[in-house]
Amino acid sequence: MEWDTGATAWMLTSASLVLLMTPGLAFFYGGMVRAKSVLNMMMMSFGAMGVIGVIYVLWGWSMSYGTDVGGIIGNPFDQFGLSGTIFDSAGEAVSSTLGNYPQVVDVAFQVTFAIITTALISGAIADRVKYGSWMVFVAIWVTLSYFPLAHMVWGGGLLSASPDGIAAAIFGTTDGVASVAPIDFAGGTVVHINAGVAGLVLVLLIGARKGFGKEPMRPHNLPFVMLGAALLWFGWFGFNAGSAFGANATAGLAWVNTTTAAAAAMLAWLITEKIRDGHATSLGAASGVVAGLVAITPAAGALSPVGSIFLGAIAGALCALAVGLKYRFGYDDSLDVVGVHLVGGLVGTVGVGFFATETGLFYGGGFDQLVVQVVIAVVAMIFSGVVTLVIGLIIKNTLGWRVSEDAEVGGIDLAVHGEGAYETLGGGRVITEVRS
Amino acid sequence: MKLVTGIIQPHRLDDVKSALEAAGVRGMTVSEASGYGRQKGHTEVYRGAEYTVDLVPKVRIEVLVEDEDAGVVTGVIVQAAQTGKIGDGKVWTVPVDDVARVRTGEHGAAAL
């Protein structure tokens with residue numbers, strides 16, 4: 001078989017870009033916490049890379065894209081360890097179902113999505129969680145929440161255009177697929193709503209950081225936050241333009257929409273906080289960029305660039321307002337995973353129903369697409385919420401979530417990891433005998 | 001001997017330093033400080049949360065002088081640091097028993 005080498009090269013490049021987003025996220029989050037917990041924050045992202053990098057080839061791919069079981073998951077044993085995923089029984093490389101390139105490239109691309117989605121949750125529960133409990137949570141959550149949602153939306157399950165899916169049940173089918181297909185281009189539901197809801201549920205279970213609402217907990221290193229936002233933006237080209245599954249016009253459109261929405265959202269966030277608080281902050285710029293990127297994620301292939309300006313601006317302004325809600329309602333979503341990813345993910349997923357150039361309400365498409373988008377967003381929220389609650393409760397009653405108050409106040413970096421980002425333990429001397 | 005200590009606005013440091021040099025002061029110690037006075041700082045909003053900022057950045061300037069020069073040096077600092085706005089700072093004087101110059105071991109006025 002002759003592969004489309006352009007598509008193959010672009011998809012491998014995209015996979016690499018998306019993988020870079022997780023270290024980027026580590027900087028984005030790491031800069032936002034206090035100096036005494038930056039290493040723990042970054043380690044939560046790196047830990048997700050470790051756990052999911054292993055799990056994905058074992059059962060992750062199979063649960064996402066293997067043989068469908070009830071529209072909810074793929075059979076984990078079907079392609080366990082990627083058996084039959086890369087080469088068929090005749091020894092030939094298996095082709096992707098999405099483009100004319102080898103399927104193993106899809107595995108590379110998709111593992112990076114599973115990693116970044118799970119890592120996103122860590123920002124909600126910064127500074128206070130046992131590292132072992134986090135690592136166990138990562139493994140269980142990605143298995144029971146991420147893989148099933150990826151299957152439901154992208155693997156032909158309930159939230160896809162499948163004739164057995166919810167959209168088909170509402171508006172019927174045409175030529176064997178849902179007449180009004182749900183649109184989630186690169187993961188508004190699977191990635192952002194999923195992670196945002198999980199963050200909210202965990203925060204409610206785990207509780208606030210000690211001193212929340214009393215002591216100032218301002219970012220300790222804003223250049224890190226800006227660096228992280230820049231890496232996320234760059235990596236997002238793989239995330240969105242790579243989700244065209246080819247080197248083509250859709251990929252180009254997704255690239256342009258991604259940048260346009262991020263730019264508009266940054267401006268909207270800065271204007272909102274300048275009016276409200278009197279300052280256009282660097283934290284606002286970085287957060288605005290991410291809010292726009294989140295919102296355009298489900299919509300990147302379905303909007304016009306002008307539509308993307310509006311979607312990005314709405315996301316930037318709404319998220320800027322939403323990050324203040326935690327003080328009003330008293331939940332310590334430490335780094336605004338709910339305010340940015342849940343709110344931004346909802347703006348994007350529902351916004352598709354208004355702004356999609358072919359089916360959106362503002363383009364004469366009627367209400368059908370909007371209804372489908374609202375339904376998939378709500379189903380994703382309920383699914384993620386219930387699954388996360390169950391996992392969170394089990395961990396709370398077995399391993400426990402919180403580090404000791406002493407460790408939290410003294411600094412989780414030193415207590416849990418035995419190191420500090422900017423200070424050494426001080427004093428003392430080396431007592432290991434050095435052989436000369 | 002006296003120790004004159006001034007807590008001033010950071011942006012007035014250069015002017016105060018020049019004025020002290022012009023007045024014949026040959027040495028001083030400058031350090032960063034933070035604190036508040038009668039107005040107790042201010043409040044500001046950052047990312048949706050309101051904060052009181054009660055420790056405001058200041059500069060501490062310390063000068064060792066002979067007894068009869070203390071009043072002049074205090075006056076020089078006050079004049080050069082003054083903007084007339086809230087937060088201009090304070091200057092005070094305390095007596096000093098002895099001073100030693102490390103390099104030579106001299107004591108008292110000779111060490112100033």
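Helices (H or I, at least four residues) and strands (E, at least two) are DSSP runs, numbered from the N terminus. By this rule, chain A has 15 helices and four strands. This is a predicted model, in which local features need pLDDT of at least 70 and side-chain atom pairs count only at pLDDT 80 or more, while totals for chains, interfaces and linings use all residues. Residues are numbered from 1 along each chain as its sequence is written, and chains are lettered from A and ligands numbered from 1 in the order in which they are written.

We can start with the overall form of chain A. Its C-alpha trace spans about 75 × 60 × 40 Å along the principal axes. The radius of gyration (taken over C-alpha atoms) can be set against a globule rule of 2.2 Å times the number of residues to the power 0.38. For 436 residues a compact globule would have a value near 22 Å, and chain A agrees, with 22 Å. Of these 436 residues, 58% count as buried, meaning that 20 or more other C-beta atoms, placed from the backbone, lie within 10 Å of the residue's own; a residue is exposed with 12 or fewer, and partly exposed in between. Two residues are in contact if their C-beta atoms, placed from the backbone, lie within 7 Å. Among contacts in chain A between residues at least 6 apart in sequence, 73% join residues at least 24 apart.

Arg429(A) is found in the segment after α15 (412-417) of chain A. Arg429(A) is exposed because 4 other C-beta atoms lie within 10 Å. Its C-alpha atom is separated by 60 Å from that of Thr67(A), 362 residues away along the chain.

Next come the helix pairs of chain A. Axes are lines fitted to C-alpha atoms, for helices over the stretch in contact, and angles run from 0 to 180 degrees between N-to-C directions. Helices α8 (residues 249-277) and α10 (residues 305-322) of chain A have axes that come within 7 Å and cross at roughly 35°. The crossing of α8(A) and α10(A) is right-handed; the term applies if the near helix is turned clockwise from the far one by less than a right angle, and left-handed if anticlockwise. The contact of α8(A) with α10(A) holds 19 nonpolar, six polar and one charged residues, where Ala, Val, Leu, Ile, Met, Phe, Trp, Tyr, Cys and Pro count as nonpolar, Asp, Glu, Lys and Arg as charged, and the others, Gly among them, as polar.

For helices α6 (residues 188-206) and α12 (residues 337-355) of chain A, the axes come within 8 Å and cross at roughly 145°, in a left-handed crossing. Residues making this contact include Gly188(A), Gly196(A) and Gly199(A) of α6(A) and Gly344(A), Gly345(A) and Gly348(A) of α12(A). By class, the contact of α6(A) with α12(A) has eight nonpolar, 10 polar and no charged residues.

In chain B, four strands form an open antiparallel sheet in the order β2-β5-β1-β6; two strands pair if DSSP finds at least two bridges between them. At the edges are β2 (29-35) and β6 (89-95) of chain B, each pairing on one side only. The twist averages 20° from one strand to the next. Helix α1 (residues 13-22) of chain B packs on the sheet, touching β1, β2 and β5 (56-65) of chain B, and its direction makes about 10° with that of β5(B). Helix α2 (residues 70-81) of chain B also packs on the sheet, where it touches β1, β5 and β6 of chain B.

Finally, seven residues of chain A are in contact with six residues of chain B.
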